[in-house]
Amino acid sequence: MNTPELCTYMTQGAVMPFCKGCGHSNILKKMNDALGKLNLNPNDVCLVTDIGCIGLADALFDKVHTVHTTHGRSTGFATGIAVADKVLASSKLKTIVLIGDGGSMIGLLHIVNAALMNVDVTVIVANNFLFGMTGGQTSSLTPEHFNTVTSPFGSMNPSLDICQIADASKAGFIARKTATDKDLTDVISEAIAFKGFSIVEVLELCTEHGTKRNDLKGNMLLKMAEEEGHKIGVIKNSPVRPEFSKKYETDVNSHKGEIKPLKYINPKFIHNLKKPNGIIFSGSAGERVQSTAAMFAEAALMSGLEVTQKNDNPVTQGSGFSLSEVIISPEEINYTGVASADYVIVVSENGLKEIKSQDVFNRLNDRSIFIVDDSLVIENKGLNIISLPLRKYCGGDKAAVGAVDYVIRKFEPFPHEAFKLLLEKRFGEYGKIFKEEYYKL
Amino acid sequence: MKMNTTTKKLALRNGNQMTAEGAIKAGCKFFAGYPITPASGIYKGLIDLLPLNNGIAISSPDEISALAYCVGASMRGVKAMTATSGPGWALMIETVQYAMITETPVVICVVQRLGPCTGGATQGAQGDILITEFASSGGYTIPVLYPTNSKECYELTVEAFNWAEKYRTPVVLLTDKEVGMTTESLDYNKLNAPPNANRHVITDHDADYENWKMYGFDSPDMIAKFAPVGGKVKVTATGSAHNAKGYLKKNDPETLATLKHLEDKIQAHRDEMVLVKEDHEKDADTLVISFGITARTMKDAVKKARAQGIKVSSLTIYSMFPIPKKAILKAAKGCKNVIIAEENINGQYRMLLEPLLKDFNIIGINKLGSMITPDEITERIVTL
C-alpha cells in the first residue's frame, strides 16, 4: 500500500519500526489511506501521538503536522489544539490521536472529556492488550486470563470496554475493528470526517509479547472480544450533538453581551482620617460578614481612602465562622493584616470563637473599640466594649450591617452618606432596613 | 458636603482578578481551568472576560488536562494560560516540562497556599518556591515572576506572557493567597504594563525558511521562530529528546546540544529578565530581601526601623527566576547583614541565595501558617 500514489502523508519509503507481524504497521497504512480518501490538505492534519510503540508513528509522517506527547495525555493536547483551531483559528484542522491501550488507560479522563465536549478529534486506540514497548505488561484493556509478563498466570481482571466508556461519554462515532479488517480504511476515514468526537479501537497482535505467551492468532481477535462481551464493528454513528465550537457559539458566545462590565468608582466624598484604621469583622458564614466588610471598603474608597480587605473562612464556605480584616488609610497600605485593631465587630458566637483563635485580643491598641451583639459575653476586663442588641434589631442576617452602620455613624472614619448610599442600593430606604429601635441606638 | 472632583478610575480588585485582566491585556485568547482555592478567581475572571475579548475559556476535568489544553492551544498559535495552587501544580509538572522541551509559550499562575499536600486551602504561604522552580527532570530554569499586589498582578501577568512569547518557554506567575485574594483599592489610571510581545512565526515565504528548523539555533541566545500547528510550515513537536528538526534521536551530539540549548537560551537572556525594586539607604548595614506578600510587610518594617534611626535598605524581588544575582549583589554592596524574609519553614529562596551571599551575615525570617508581621522583621533589623 505504501506506494507514491497513495503515500501523500507518509514519508516515502519509510521503514516501519515495528516487530514482524505487529498490527501497528497495518493501522498506520490504513490511516494514511483514510487521509488520502478524504483528500485532506496535509497542512490541515495534525497527528497527535502518545507514548508507546504506536507513538513512533509521528516520525513516519513527514507531510502532516505531528505532535508527539507525554504518556496518555495525547487526547488532552489534541483537545486544546482542536478547540483553538475551531474557535480561534482556521477551523480546518483535523486532529487525530494515535494511542495504545496503555495510554488510553492512563489518559482515560482526557478521552472521556473530549467526548463529552464533542471536540473535533479522532482517537485511534491501537489495542494489542498490553504495554509492548516496556516489555509486555498488563494494561486495563488486557482480557481476563490473558498472559502477560506481569500476569504470568493470566490477567485477573476483565478488560475495560473503552467503546462503552466512549458511549457513556456521549461520543457520536464509536467503532471497534481489527487491524486486518478490509474496511478499516473506510471506518477510519468515516471517523475522521465525523464532525465531533470519534473513536476507533483497533484490535491487533503484539507479536513480541502477546502471541508468544498466548495461543493467539489474528483470526481469534473477534472471538476474544466477544468473550469479553465487547461489540464489534461501527457501534455508533450519530451526528446528533453539535460539534464543540458550534455549541460554544450558541451557548456562550451569543450570551457575551450579558456579561456586565466593571464599574469604576469616582470618589464623591471627603474623609477626615489622619491615620490608618484597622477593622476586624467577625461572625458566622451566611450572615453577610464579608459582604458587609466589602460594602464598608467600597464606601471608604468612595471617600478617597486606600483600602485592603483580607477575608478568612473555613474551607467549606457556607458554614462556621466568617472573618474580614479591613484597613482604611489616607496613605498606601503595605501589610494587609490588622496588627492593631481600632474596631472589632463581633456579631455571633462563631465570630467570638474565631477572634479568640486568631489572637485578636493581642492585636489591640488603647483606642480599640469592640462592637458586639449583646448576646455575647466577653470577659476581658478593661476593654472598651459597646454591647448592642444587633441581632434583635437587625436580624442575624443584617447584624453585621447594623454594627458597621453604627460604627460609621458614631465615629465617622468617613462620611456616613457614602455607606448609606450603598446600603440603600442594596436594601432599599435606609430608615426601613432595620427595626425602628435600631435607629435610636 | 464638598464633593471630590478628581477623575480617578478606582475599583476594589484582588490579585486574581487583576491577573485575569492582565492576561486579557497581554493578548491571552485561551484559558483552561480547574477549580482550586485560592486560584479559582482567575478561572472565574477569564470565564467572564475571554468571550468579550475574542477568546475562549473552558473548564477541564483535572489540572493535567487544564495545562495540556493550554499547551495544545498555544501550539495552534494562540496565547494561553491556566491557574492553580500547590496540589494542582503537582499534577501539572509533567506537562510543564512538555511545554519546556517543545518550546511552547504558556503561562501558569500558581497561587500558593499552605502545604504540604492539600495543606490549608484558605491559608496563605510562600512554600512553593522550590517546587515551582525545580519542577523539571534535569533542573532547567523556569522563569518565575512574583507580584506583591493587585496592580502588579496585572503588570507582571503581561510580562509573564511577554517572556513566554519571546523565549518560547513556560513562565510561572507565582502569587500567594494573600496577594491573590486580598481586595484592595486600585486606580486603573496607574496601571503600567509593558507593551505586548508576540512570538516570531515562521512562514514559507520568509528568507530564512529554507534553513529554518523547529528547534534550530546558531547561538545560545537564539530563539527559533515558532510554527503553529495548522499553518503552512510543518510542525514536528515532541516531548522526547530530539534533534533541531524535532525528531527523536538517541546518543546524538545534536540532540544533546538541543537539550542544552533549552537552558542556554534562558541564561543568555537573563539580564533582560531582571525586575526588582531597590529601596537603598546610604551607609545601611542591613539589606532586607523579600517578595510577594512578605515584601509588603518588609516595607512597613523598614519604615519602622528607620523611624528608630536605623539605616536599612530593602530589595523587593519580582523576577524570582532566573535569580537576579547582579541586582542582589548590587543592593547588598556595603552591607554586613542580609535578612531574607519569606513565609515558609525552611527559607527556600534563602537557601538558593546563600552561595551568592557567602560574604554576608545571612539571617532568615520564616513563618508558617500566617503572614510575617512588620514587627517580626523590625525586631530583627534593630537587634542586629
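This is a predicted model: local features need pLDDT of at least 70, side-chain atom pairs count only at pLDDT 80 or more; totals for chains, interfaces and linings use all residues.
**View 1. The interface of chain A and chain B.**
The contact between the two chains takes 70 residues from chain A and 72 residues from chain B. Together the chains bury about 5700 Å² between them, and carbon and sulfur atoms account for 61% of that area. On the chain A side, the residues that lose the most area to chain B are A:Phe77, A:Asn334 and A:Tyr335. These three together make up 12% of what the chain A side buries.

Four salt bridges are found across the interface of chain A and chain B. One salt bridge joins A:Lys310 to B:Glu178. In this pair, the closest N and O atoms are 2.9 Å apart. Polar contacts between chain A and chain B number 28 residue pairs, counting pairs with both residues at pLDDT 80 or more.

**View 2. The domains of chain A.**
Chain A is assigned domain 1, residues 23-251, and domain 2, residues 277-440. The C-alpha centres of domain 1 of chain A and domain 2 of chain A are 59 Å apart.

**View 3. The domains of chain B, with domain 2 and domain 3 in contact.**
Chain B is divided into domain 1 (11-190), domain 2 (200-273) and domain 3 (275-383). Four residues from domain 2 of chain B and six residues from domain 3 of chain B take part in the contact between these two domains. Their C-alpha centres lie 39 Å apart. The area buried between domain 2 and domain 3 of chain B is about 400 Å², with 48% of it from carbon and sulfur atoms. Which three residues supply 90% of the area that domain 2 of chain B buries against domain 3 of chain B? They are B:Arg270, B:Asp271 and B:Met273, which supply more than any other three residues.

**View 4. The salt bridge between domain 2 and domain 3 of chain B.**
One salt bridge is counted between domain 2 of chain B and domain 3 of chain B. B:Asp271 forms a salt bridge with B:Lys326, and the closest N and O atoms of this pair are 2.9 Å apart. On the side of domain 2 of chain B that touches domain 3 of chain B, two residues are nonpolar, two are charged and none is polar.

**View 5. Cysteines of chain B without a disulfide.**
The structure holds zero disulfides over all chains. B:Cys70 is in no disulfide, and the nearest cysteine sulfur, in B:Cys28, is 7.6 Å away. B:Cys70 counts as buried because its relative accessibility is 0%.

Methods
Residues are numbered from 1 along each chain as its sequence is written. Chains are lettered from A and ligands numbered from 1 in the order in which they are written. Side-chain values use heavy atoms; hydrogens and water are left out. Domain bounds come from an automatic or database domain assignment. Contact means heavy atoms within 4.5 Å. Buried area is the accessible area (1.4 Å probe) that two parts lose on being put together, summed over both. A salt bridge is a side-chain nitrogen of Lys or Arg within 4 Å of a carboxyl oxygen of Asp or Glu. Ala, Val, Leu, Ile, Met, Phe, Trp, Tyr, Cys and Pro count as nonpolar, Asp, Glu, Lys and Arg as charged, and the others, Gly among them, as polar. A disulfide is a pair of cysteine sulfur atoms within 2.5 Å. Buried means under 20% relative accessible area, exposed over 50%, partly exposed in between (1.4 Å probe, protein chains only). A polar contact is a pair of N or O atoms within 3.5 Å; within protein, one must be able to donate a hydrogen and the other to accept it, and residues adjacent in sequence count only if both atoms are side-chain atoms.
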